[in-house]
Amino acid sequence: MKIHLTSVFVEDQAKALHFYTEILGFVKKHDVPVGERDRWLTVVSPDEPDGTELLLEPAGHPAVKAYRDALVEDGIPLAQFAVDDVRAEYERLRGLGVHFTQEPLEMGPVTTAVLDDTCGNLIQIATQPR
Amino acid sequence: MADDLFKALADRTRRTILDELAEKSGQTLFEICSRLSMKHRLGISRQAVSQHLAVLEAAGLVETRREGRYKFHELNTAPLRQITERWLVPDTMPDTSAPEESTP
């Protein structure tokens, strides 16, 4: 068994696609219309085009808002992405106007930072020790 | 108020939380929990950390700030001044006393 797909709920799929590709640097993989407005919209890392897909899932279900708002208030990230250098990525993303709720911080063996994906989620970036 | 202050300071975990907020004021609950767990190896639940923060907040040592959808915890050391004003021996010597003391 392996992780093939994981998801984040997003308020606006077009806006999310922009943020996850143009800002974070992922690449669109699948974009299939489903239902009236929704799309099956996934992105992948440019380094691993056949790797795990991230589904940008519509946040329409009534339970989503309460769930995500509670996590955001406590600062809990919904997903974690690996980067080579958290500090460099932090500077790059801040330069693009990304808002961080946690600056780069060494947490024992890992360095992490937490950013707002502008679609309703907090996302953690992390550098693992080599 | 003073009782709340001393009660808040009497716990080691709460002092550690204050240490971390002194290092960087303005942290989310998640960041505080992460610091306690990863830096201090304190395996305490989020609920417990929340309760510790509530005690610190009641004592006026921690204040929360909302920024849009986020909630940040800030350190406020003003209540500690009560302690120093209450017991600290006032400086009776003028500033010029320092060089004189160091002279044999």
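What is the volume of the largest pocket? It comes to about 820 Å³, in what is a predicted model.

**View 1. The largest pocket and what lines it.** Several elements of chain A give two or more residues each: strands E1 (5-10), E3 (39-44), E4 (53-58), E5 (79-82) and E8, plus helix H3 (86-95). E5(A) has the largest share of the lining, with 4 residues. Sorted by class, the lining holds 16 nonpolar residues, 9 polar ones and 6 charged ones.

**View 2. Where chain A meets chain B.** Here 22 residues of chain A come up against 16 residues of chain B. The size of an interface like this is often quoted as the accessible area lost when the parts come together. For chain A and chain B, that is about 1600 Å² buried between them, with 58% of it on carbon and sulfur atoms. Polar contacts turn up too: 5 residue pairs between the two chains, both partners at pLDDT 80 or more.

**View 3. The chain A side of the contact.** Which elements give two or more residues to the side of chain A that touches chain B? They are helix H2 (62-74) and strands E6 (100-107), E7 (110-116) and E8 (122-127) of chain A. E6(A) gives the most, with 6 residues. In terms of class, this side of chain A splits into 9 nonpolar, 8 polar and 5 charged residues.

**View 4. A salt bridge across the interface.** Side chains of opposite charge can pair up when their charged atoms come close. Between chain A and chain B there are 3 salt bridges. One of them joins B:Lys71 to A:Glu73, with the closest N and O atoms 4.0 Å apart.

**View 5. A salt bridge within chain A.** Over all chains, the whole structure has 17 salt bridges. Zoom in on A:Lys29 and A:Asp50, whose side chains meet in a salt bridge at 3.6 Å, N to O. This pair ties together distant parts of the chain, 21 residues apart. A:Lys29 sits in strand E2 (residues 27-33) of chain A, while A:Asp50 is in the loop between E3 and E4 of chain A.

Terms used
Residues are numbered from 1 along each chain as its sequence is written. Chains are lettered from A and ligands numbered from 1 in the order in which they are written. This is a predicted model: local features need pLDDT of at least 70, side-chain atom pairs count only at pLDDT 80 or more; totals for chains, interfaces and linings use all residues. Side-chain values use heavy atoms; hydrogens and water are left out. Contact means heavy atoms within 4.5 Å. Buried area is the accessible area (1.4 Å probe) that two parts lose on being put together, summed over both. A polar contact is a pair of N or O atoms within 3.5 Å; within protein, one must be able to donate a hydrogen and the other to accept it, and residues adjacent in sequence count only if both atoms are side-chain atoms. Ala, Val, Leu, Ile, Met, Phe, Trp, Tyr, Cys and Pro count as nonpolar, Asp, Glu, Lys and Arg as charged, and the others, Gly among them, as polar. On a 1 Å grid over the protein atoms alone, a cavity is a set of points where a 1.4 Å probe fits but cannot get out, and a pocket is an open set with protein on both sides within 12 Å along at least five of seven lines; lining residues have an atom within 4 Å of a point. Grid points are joined across faces, edges and corners, and a volume is the space filled by probe spheres set on the points.
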